Amino acid sequence: MNQNLNNFDKIGDELHDDWLSGNLKLTRIEPPLDFTKNVIERIEKKPNLLSNSSIFWILAIVPFILLVWLMLYALNLASITYQFRLDFIPNISNVVSFSVLSKYVLMIAFGGLFFIGLDYFLSKYISKRESFFSFLLV
Amino acid sequence: MFRTEFNKLSDEELIGLVVKNHSRATASLVDRYKGMVFTLSYRILKNQLDAEEAAQDTFVKAFNALDSFRFDCKFSTWLYRICYNNAISRSRVYKPMQVEVETKFDIPSETTSALENLSTNDRSKYLGKAMEMLEPEESVLLTLYYVDNNNINEIAAIMNLTESNIKVKLHRGRKKLYTQLEVLLKEEVTMLF
């Protein structure tokens with residue numbers, strides 16, 4: 001064991017090589033010039049382009065309404081509200097049919113898009129001020 | 001604060017700023033270590049494009065996990081460990097070409113003196129070629145020890161090996177490098193005459 005340790009110490013002494021220390025530094029390779037820029041671009045968390053726009057909210061609200069409706073429909077179908085004494089949840093899925101829901105969802109979506117378009121047109125060409133929606137949401 | 005002023009800051013101070021999403025501090029930290037991270041990746045992957053991708057991945061992984069860095073070792077040791085593991089896992093997918101090098105167990109003094117007579121560019125070329133002939137692990141060890149002056153403890157932490165193992169591998173790698181240099185210089189002399 002001691003013999004081995006002595007051998008390792010000897011190796012440690014031998015490893016000090018000024019010639020190699022001086023010359024191997026020449027083999028250091030530098031990456032391309034745009035390396036740092038590329039890394040920064042990958043690291044920086046870019047906000048989703050849509051997250052600041054009003055279209056994002058319209059696109060997010062539509063599936064949300066549909067999802068809530070589907071959940072209520074499933075709960076009603078499985079009669080879970082009764083089993084867990086959740087009768088106070090109104091039977092929306094029966095009152096509001098899927099076709100009626102789709103109609104309102106489309107109305108909201110198109111209405112929203114219309115007002116966004118109008119707001120964009122007014123702010124850009126007429127009032128030349130900050131858009132109302134971006135003022136409201138950003 | 002100008003970029004030159006960031007260069008004067010310590011790793012700890014820069015990390016503090018990077019955590020607060022300071023992009024100039026991030027750039028400064030990347031600039032400080034990009035050379036070594038790229039060199040280490042290149043030593044393992046032996047391909048410029050793969051090395052660049054691996055080096056970028058290393059920084060992305062390191063900065064994403066910066067919150068978990070507890071300053072229990074040097075930042076460079078932590079970063080090189082990520083770099084080494086990342087490049088090794090990449091090399092398993094794309095296996096770099098290996099060249100068998102027969103090791104002589106005496107270090108030829110003629111080799112070093114012959115190299116001393118060459119210009120810096122030529123010396124760098126031959127040393128680079130000789131390093132490429134070594135096994136990735138050996139060239140990484142030599143780079144960490146002789147180029148970046150890491151000590152045996154740090155290299156052991158980076159490569160997840162024991163200190164005695166590092167010493168033996170370094171010893172062997174250095175001898176292989178000299179052998180390879182001798183072969184390369186002899187080939188060059190034969191071509192000239």
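Predicted model: local features only at pLDDT ≥ 70, side-chain atom pairs only at ≥ 80, totals over all residues.
Local features need pLDDT of at least 70, side-chain atom pairs count only at pLDDT 80 or more, and totals for chains, interfaces and linings use all residues; side-chain values use heavy atoms, with hydrogens and water left out. Residues are numbered from 1 along each chain as its sequence is written, and chains are lettered from A and ligands numbered from 1 in the order in which they are written.

The interface was examined first by extent. Chain B contributes 46 residues to the contact and chain A 29 residues (contact: heavy atoms within 4.5 Å). About 3,600 Å² is buried between the two chains, 66% of it on carbon and sulfur atoms. Buried area here is the accessible area (1.4 Å probe) that two parts lose on being put together, summed over both.

Polar pairing across the interface was counted next. Chain B and chain A share 9 residue pairs in polar contact, with both residues at pLDDT 80 or more. A polar contact is a pair of N or O atoms within 3.5 Å; within protein, one must be able to donate a hydrogen and the other to accept it, and residues adjacent in sequence count only if both atoms are side-chain atoms. On the side of chain B that touches chain A, helix 3 of chain B gives the most, with 12 residues. Helices are DSSP runs (H or I, at least four residues), numbered from the N terminus. By class, this side has 22 nonpolar, 12 polar and 12 charged residues. Ala, Val, Leu, Ile, Met, Phe, Trp, Tyr, Cys and Pro count as nonpolar, Asp, Glu, Lys and Arg as charged, and the others, Gly among them, as polar.

Over all chains there are 10 salt bridges (a side-chain nitrogen of Lys or Arg within 4 Å of a carboxyl oxygen of Asp or Glu). The interface holds 1 salt bridge. Asp57(B) and Arg42(A) form it, at 2.7 Å from N to O. Asp57(B) lies in helix 4 of chain B and Arg42(A) in helix 3 (residues 35–43) of chain A, so the pair joins two chains. Asp57(B) is buried at 16% relative accessibility, whereas Arg42(A) is partly exposed at 40%. Buried means under 20% relative accessible area, exposed over 50%, partly exposed in between (1.4 Å probe, protein chains only).

Within chain B, Glu53(B) pairs with Arg90(B) in a salt bridge at 3.1 Å between the closest N and O atoms. Salt bridges link Arg42(A), Glu53(B), Asp57(B) and Arg90(B) in a network.
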